Amino acid sequence: MLSLRCRLGDIPGSEDLEGDGVVAPGWPRRSGDVEELRRNAGAVKGLGVAAIADHYDGIVRSLAEPPILIGHSFGGLFTMMLLDRGLGAAGVAMDPAPPK
C-alpha cells in the first residue's frame, strides 16, 4: 500500500475541502474487490514494478504540492523509487520489499 499525504484541495473531487488529507491510490489496471480480481486475474498479468511506480509517479506529479509518501511492503519500495525520482516532500518506507 502507498499512501500520499497532501492538501485536500489537490485531490480530484475535493476542491471545496481545506486542510490535509490522505489518499491511497490503487495499482493500475486493478479494479473491484479481491473476489473480482481473482475472477479476472488476467487484467494485472504482466504488471511490473516499473509500471506501477510510473502510475504513482503520474499521480504525485499531478498534485499542486509534493506529498509525504508513506508505504508498506511494495508500497515502501514504491516510496523509495519515487523519492529517488525526486518526488515527494518526504517519505516513510515501512518494511519495504527489496528491489531486484
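This is a predicted model: local features need pLDDT of at least 70, side-chain atom pairs count only at pLDDT 80 or more; totals for chains, interfaces and linings use all residues.
Colleague: Let's start with the layout. In what order do the elements of the chain run from the N terminus on?

Modeller: There are three helices and four strands in the chain. Read from the N terminus on, the order of these elements is β-β-α-α-β-α-β.

Colleague: And what share of the 100 residues in the chain is buried?

Modeller: Let me give you the surface along with it. The accessible surface of the chain is about 6,200 Å², and carbon and sulfur atoms hold 55% of that. Buried means under 20% relative accessible area. Of the 100 residues, the buried share is 29%.

Colleague: How much of the contact set, counting a separation of 6 or more, comes from residues 24 or more positions apart?

Modeller: A contact here is a pair with heavy atoms within 4.5 Å. Among the contacts with a separation of 6 or more, the part from residues 24 or more positions apart is 41%.

Colleague: On to helix α2. What span does it reach from its first C-alpha to its last?

Modeller: Helix α2 covers residues 49-61, which is 13 residues. At 1.5 Å a residue you'd expect 18 Å, and the helix comes close to that, reaching 18 Å.

Colleague: Within what arc do the buried residues of α2 fall, seen down its axis?

Modeller: The buried ones in α2 are Ile-52, Ala-53, Tyr-56, Asp-57 and Val-60. They line one face of the helix, because looking down the axis of α2 they fall within an arc of 145°.

Colleague: Is Leu-47 buried or exposed?

Modeller: Leu-47 sits in the loop between α1 (34-39) and α2. The cut-off for buried is under 20% relative accessible area. Leu-47 has 17% relative accessibility, so Leu-47 counts as buried.

Colleague: Which residues does Leu-47 touch, leaving aside those up to four places away in sequence?

Modeller: Trp-27 is one of them. Leu-47 and Trp-27 are 20 residues apart in sequence, with their C-alpha atoms 9.2 Å apart in space. With residues up to four places away not counted, Leu-47 touches Trp-27, Pro-28, Arg-29 and Ile-52.

Colleague: About how many helical turns separate Arg-61 and Asp-57?

Modeller: Their side chains meet in a salt bridge at 2.5 Å, N to O. Arg-61 counts as exposed at 53% relative accessibility, whereas Asp-57 is buried at 10%. Because Arg-61 and Asp-57 are four residues apart in helix α2, the separation is about one helical turn.

Colleague: Which residues do the salt bridges that share partners join into one network?

Modeller: Asp-57 also forms a salt bridge with Arg-85, where the closest N and O atoms are 2.9 Å apart. That pair links distant parts of the chain, helix α2 and the loop between α3 and β4, 28 residues apart. Through shared partners, the one network joins Asp-54, Asp-57, Arg-61 and Arg-85.

Colleague: Which elements give two or more residues to the nonpolar patch?

Modeller: The patch on the surface is formed by Ile-68, Ile-70, Val-92 and Met-94, with about 280 Å² of accessible area together. Two or more residues come from each of β3 (68-72) and β4 (90-94).

Colleague: What relative accessible area does Ile-70 have?

Modeller: Ile-70 lies in strand β3. Ile-70 is partly exposed, and its relative accessible area is 30%.

Colleague: Last one. Which residue with a positive phi follows α3?

Modeller: In α3 itself, the buried residues are Gly-75, Gly-76, Leu-77, Phe-78, Thr-79 and Leu-82. After α3, phi is positive, near 85°, at Gly-86.

Definitions and conventions:
Residues are numbered from 1 along each chain as its sequence is written. Side-chain values use heavy atoms; hydrogens and water are left out. The expected span of a helix is 1.5 Å times one less than its number of residues. Buried means under 20% relative accessible area, exposed over 50%, partly exposed in between (1.4 Å probe, protein chains only). The arc is that of the directions from the helix axis to the C-beta atoms. Patches are made of residues with over 30% relative accessible area and no salt bridge: like charges are joined within 9 Å, nonpolar side chains (Val, Leu, Ile, Met, Phe, Trp, Tyr) within 5 Å. Accessible areas come from the Shrake-Rupley method with a 1.4 Å probe; for residues, only the protein chains shown count as cover. A salt bridge is a side-chain nitrogen of Lys or Arg within 4 Å of a carboxyl oxygen of Asp or Glu.
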